[in-house]
Every structure is written in C-alpha cells, then in structure tokens.
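Me: Please take a close look at a single part of this model, the surroundings of the ligand, and describe the contacts there with their cut-offs.

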Amino acid sequence: MSRIVHLNGAFLPEQEAKVSIFDRGYYFGDGVYEVTAVVDGKLVDYAPHMERLDRSLRELSMPWPCTKDELRAVHEELAKRNGITEGLIYMQVTRGVAERDFAFPKNIPSTLMAFTQVKALVDSPNAKTGVKVVSIPDIRWKRRDIKSIALLAQCMGKQQASEAGAFEGWMVEDGFVTEGTSSSSYIVKEGRVITRPLSNAILPGITRKSLMKLAADHDVTIEERLFSVDEAIAADEAFLTSASSFVMPVVEIDGHPIGSAKPGPITTRLRQIYLESARA
Ligand code: PMP
C-alpha cells in the first residue's frame, strides 16, 4: 500500500507528489528539515522540534511555509492517514521554485513536503546490544547549527561507517568529537555524562535538549565539554541520541570495547527515563 504524503497543502498518494526541477532544494540543497518521532500514535518533543525549525528558517531568511497550527495538523493528519503508531515524520521546507541564481529570490512561496516512516523505536534490537561507532574526520561546513537538508558530508560519513560495519560515524575536528553523522555523542566517566557544548560546530539535538532536562530532574550530572576519541575509548560507557534512536548505547569505538562492551547502567537508565517521558 502506498503512503499518503504531504505537499504544499495537499495530502496525496506518494506517486502523485511531484516537485519542480527548479526547486532550489533540488539544485542547491536550499532548505531545512525536521524529523519527529511518533510513539503510541503521539508526536514526541514536537514543540522543541518546531522551535528549532523556526530558528533554522530565520537563519536562512526563509518564511514559514504555513502557520504553526497548520504544520502541527499536517503532522497529526499524516500519522492518522498512514496509521502510524510508532515511527518517524520527516518534513522539509525548501526556498521554492526559481531560476537558478545563487542569491535568495524575493517573495516566492516555499515548498513544504512531509512523509511518514514506520520504525520500531521503543523495542529497537540495537538498543539491546548496543552499537559500534567509528571515528571519521568532520568535513562539514561551519554552520552545523542549522538543520540544512544539504547532508552530503553526513551521507559520506554514514557510508564510511557502514562499510566499516558500524552503526554511526563520530566526526572529529581539531582532535575532538563533534557529533555523529545523524546523532549527538556522549561518554560516561565516573558517573558523569559528558557531551560537547552547543555552538555552530554541532546541531542542537532536540533529544539532547530533552535528555539534559530529564537527567537534571533525576540527579544525573551532564558536563558540557569537549572530549577526544581516546577519552571515549577509555570511558566507562558511551551513547548517542537522536529522534530516531532516542538513547542508543555505544559499545565499541574504532574496534575498542567501551567499558564491559555491553550497554552501561547509566545509559540504560537514561534510555528508560527518556522512553517513559516520551510515552507520558
Ligand atoms: N546531530 C546531527 C548532525 C543530526 O543529524 C541529528 C539528527 N538529525 C542529531 C544530531 C540529533 O538531533 P535530534 O535529537 O534532534 O534528532
């Protein structure tokens, strides 16, 4: 059965949703996106995802494609029409259709597209065993805080990780881990969780933001500072977060086991706390 997707105000079978070859998203990657999880048929962390979308749009002088209420209705309607009780909703806004010219065109309508993906998020087999990570160089641009659809460096990184038999690539710049190709990175040492502070060098993860608040509520200390791959290898535990992985244990980095090479107790507890909050 084909999915019902959303394009510029219309709900359509996926085969019927067509975009112009002159859309700037197509030839410049001129657009931004969000991915929101659905659990028990409900959107997880929807409000902060939309706050980040608002920020990405403003940083690129792009207007909202519709009202905030309309965008929420698009998400809810897509989940309903496709019977999604657990999975993801991907949405993107591109600057719109215009003759190819680098500078931003004025007053053109943006293109809004959204679709659903079915995915087992809560009972993820990877979360039970933990995943492997390899370190790779961070070759991205300098505005990684904007959730741009231009993700070629991340695709190359994920491909490299995949060819090495790993789930994720942790990108390294000036000797320190920035983040995963599609996730935020953490290590745990002596009971403290360590993660890189926010800056233009990384995407402000929404799962990271929620987890930091939940950790504080549960007396788990999160220290925001840089860490290296060597420090990660010597850590007691490691994990990553994203809307599609929630809290995912990392049990191996560059072939070296982390701690007991099994999901660690703090990681396991944080995953539980996050899941409880997502389902609340
Ligand atoms: N960093 C990068 C580079 C990402 O692509 C993602 C996921 N899109 C994240 C971090 C995690 O962000 P979130 O928790 O909002 O999914």
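Reply: A backbone N or O atom of Ile206 lies 2.8 Å from an oxygen atom of the ligand, a polar contact being a pair of N or O atoms within 3.5 Å. This is a predicted model, in which local features need pLDDT of at least 70 and side-chain atom pairs count only at pLDDT 80 or more, while totals for chains, interfaces and linings use all residues. Residues are numbered from 1 along each chain as its sequence is written, and side-chain values use heavy atoms, with hydrogens and water left out.

From the side chain of Thr207, an N or O atom is 2.6 Å from an oxygen atom of the ligand, whereas the side chain of Glu179 has an N or O atom 2.6 Å from a nitrogen atom of the ligand. On its own the ligand has 380 Å² of accessible area (Shrake-Rupley method, 1.4 Å probe), and the protein covers 94% of that area. Around the ligand there are 18 residues (one heavy atom within 4 Å), and Lys147, Glu179, Ile206, Thr207 and Ala243 come nearest.

Thr207 also belongs to helix H6, where Thr207, Ser210, Leu211, Leu214 and Ala215 meet Leu270, Ile273, Tyr274 and Ser277 of H8, with contact meaning heavy atoms within 4.5 Å.

How values were computed:
Helices (H or I, at least four residues) and strands (E, at least two) are DSSP runs, numbered from the N terminus. A polar contact is a pair of N or O atoms within 3.5 Å; within protein, one must be able to donate a hydrogen and the other to accept it, and residues adjacent in sequence count only if both atoms are side-chain atoms.
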